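Biologist: I am new to this structure and would like to learn how to read it. Could you walk me through it, feature by feature?

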Amino acid sequence: MDANIWVKNKVVTRQSKYKMTCFEQTAFSIVCILASLTCFETKQNILLIVVDDLRPSLGCYGDEMARTPFIDELANRSVIFKNAFVQQALCAPSRNSFLTSRRPDTLHLYDFYSYWRTSAGNFTTLPQYFKQNGYHTKSIGKVFHPGKCHKCSDEIRPYSWSEEPYHPPTEQYKEAKVCPQPDGSLKRAVVCPVIVELQPGHSLPDLQSLQEANKFLDSWPKSSAKSFFLAIGFHKPHLPLKYPVKYLDQHPLESISLPAAHERPSALPTVSWNPWIDLREREDVSALNVSFPFGPMPDEYGVKIIQSYYAAVTYVDDLVGQLLKKLETNGFSNNTIILLVGDHGWSMAEHGEWSKFSNFEIAVRVPLIMHVPGLTDTGGAHYTNALVELVDIFPTLVELEGMPDLPLCPDVSSNITLCTEGVSTVPLLFNISRKEGQLQDGRVFSQYPRPGTFPTLHPDSDRPRLKQIKIMGYSLRTAVFRYTEWVLFDRTTLKPDWTHVIAKELYHHGLDPGENMNLADRSVMADIMQNLSQQLHA
């Protein structure tokens, strides 16, 4: 099947899940007005918070090792999507996808090394659409992925932003040898608690991004006829795990534990394995002399990495708390939609893996928290088990703000500047706010490329370039199963060959939520796999 038709069918099969009846649409409009939610009348501000490499390691998601009081407080007046999924577990492709509402197979970008406007199509982005509809749009920190994928910027003007994107000056030291070691040396390490005053520039990128956001909110007039779309991207907990050392106090090493199953599953296909090359390249992990590609991380160092991940998340939580306090102090809380999201997950010894670069649940599931004034801020946290995708963000915000709906992308959309491959979740928000039950069916899709069937350093099997991709893993998640097919991929036509399947994976989430037992070779599962395969190909 053509990749474009595959993409379109994914949307068609998901659209009916959230579609409102005429009665519900009318009722929703009435609720909006009565609750002072002017979703179809007056524009509200938008605050989009994107957190790099953030899995659902938050208190509001039930993680007992997390210390995230400020995000938890936001969640207490928001909808918490418990099953939100990215389309590819890599920074640039994921952000490209949800900020255009198009899947990687439409953008034809699975790496960092080209700009989708010139290689795939001059597509309208989420902030660009809001700018076209009268918003002042501002980018702070890592929103789009900087580099070649965005002309060495954070999505250049005049497209998405009303002013030049802000990148913190200390970002230039993100790969520098600034991580203090026990012997007094400075190295390029994974584990990197620091004394801020001793760092180059006497600050850190996320601290500077917060300062810029506060400056923007202080300067924005309350009486402005314009609304703002403020997007701020925090770099942590992306590698290196560099954060103020004081946050270690909230995560003593004795409180940190490895996952119960932290070995490579015996039935895991080699093509599925990510050898966490980004960690192996760091000097502290390199010094451990872990064999490539399957050698396990030593437990005693693994818990230190996990400790630093949680400390980095607590650091970002503190920054989010300060940002939300500024929003409240300056009088914008009651008319600002807040959306907090991770760009993909991050493995911490699950399956013996680290980092992202896979189709596993731990790599593609992310926190998605949405606060809509007047609709979600009473009655405590509103949880939903509905399966949603990050391509749904764009059409959801558009519908909430009463702007013209996004049309569904056709089979071939390279010449269509504005369309969506997602589904608005506004009907879901409406049902949750009315306590009318929650939709739990449906399906979501992710994918990940590989240069071959076996993990390699050269080419990098975690981060292959477009010209190196030979295999694509397509993954379907339903309420019960995750089913993945690794198939040959033509890097010239950029299409999968469904007739040449390299490997299959099947996980039963009712029995095996950690996805440690691949059932693909069980004859008793043949009929189920056939059905799931048909859904994946449909």
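**Reading the model step by step**

Modeller: Helices (H or I, at least four residues) and strands (E, at least two) are DSSP runs, numbered from the N terminus. This is a predicted model, in which local features need pLDDT of at least 70 and side-chain atom pairs count only at pLDDT 80 or more, while totals for chains, interfaces and linings use all residues. Residues are numbered from 1 along each chain as its sequence is written, and side-chain values use heavy atoms, with hydrogens and water left out.

Biologist: Is G442 buried, exposed or partly exposed, and why?

Modeller: Buried means under 20% relative accessible area, exposed over 50%, and partly exposed in between (1.4 Å probe, protein chains only). G442 has 30% relative accessibility, so this residue counts as partly exposed. In space, G442 lies 7.1 Å from A479, C-alpha to C-alpha, although 37 residues separate them in sequence.

Biologist: How do I read a sheet? Which order do the strands β14, β15, β16 and β17 take?

Modeller: In general, strands of a sheet pair through backbone hydrogen bonds, either parallel or antiparallel. Here, two strands pair if DSSP finds at least two bridges between them. These four strands form an open sheet in the order β14-β15-β16-β17, with antiparallel pairing. β14 (444-450) and β17 (495-508) each have a single partner strand, so one side of each edge strand is left without a neighbour in the sheet. Direction ignored, neighbouring strands of this sheet are turned by 20° against each other on average. Axes are lines fitted to C-alpha atoms, for helices over the stretch in contact, and angles run from 0 to 180 degrees between N-to-C directions.

Biologist: How many bridges join β15 to β16? And which helix packs on the sheet?

Modeller: Seven bridges join antiparallel strands β15 (residues 471-477) and β16 (residues 481-490). Within this pairing, I471 stands opposite L488 in β16. The helix is α15 (residues 526-537), which packs on the sheet and touches β14, β15, β16 and β17; contact means heavy atoms within 4.5 Å. The direction of α15 makes about 55° with that of β16.

Biologist: What is the order in the open sheet of seven strands?

Modeller: The order is β3-β7-β1-β9-β12-β2-β13, with mixed pairing. At its edges stand β3 (136-141) and β13 (382-389), each with a single partner strand, so one side of each lacks a neighbour in the sheet. The twist averages 15° from one strand to the next. Inside this sheet, four bridges join β9 (residues 336-342) to β12 (residues 365-371), which run antiparallel, and L340 stands opposite I369 in β12. Helix α11 (residues 299-329) lies across β1 (45-51), β7 (228-234) and β9, at about 170° to β1.

Biologist: How many aromatic pairs are there in the whole structure?

Modeller: A pair of aromatic rings is described by the distance of the centres and the angle of the planes. Rings of Phe, Tyr and Trp (its six-membered ring) pair if their centres lie within 6.5 Å; planes under 30 degrees apart count as stacked, over 60 as edge-to-face and the rest as tilted. The search finds 19 aromatic pairs. One of them is Y115 with W116: their centres are 5.8 Å apart and their planes at 55°, so the pair is tilted. Both Y115 and W116 are buried.
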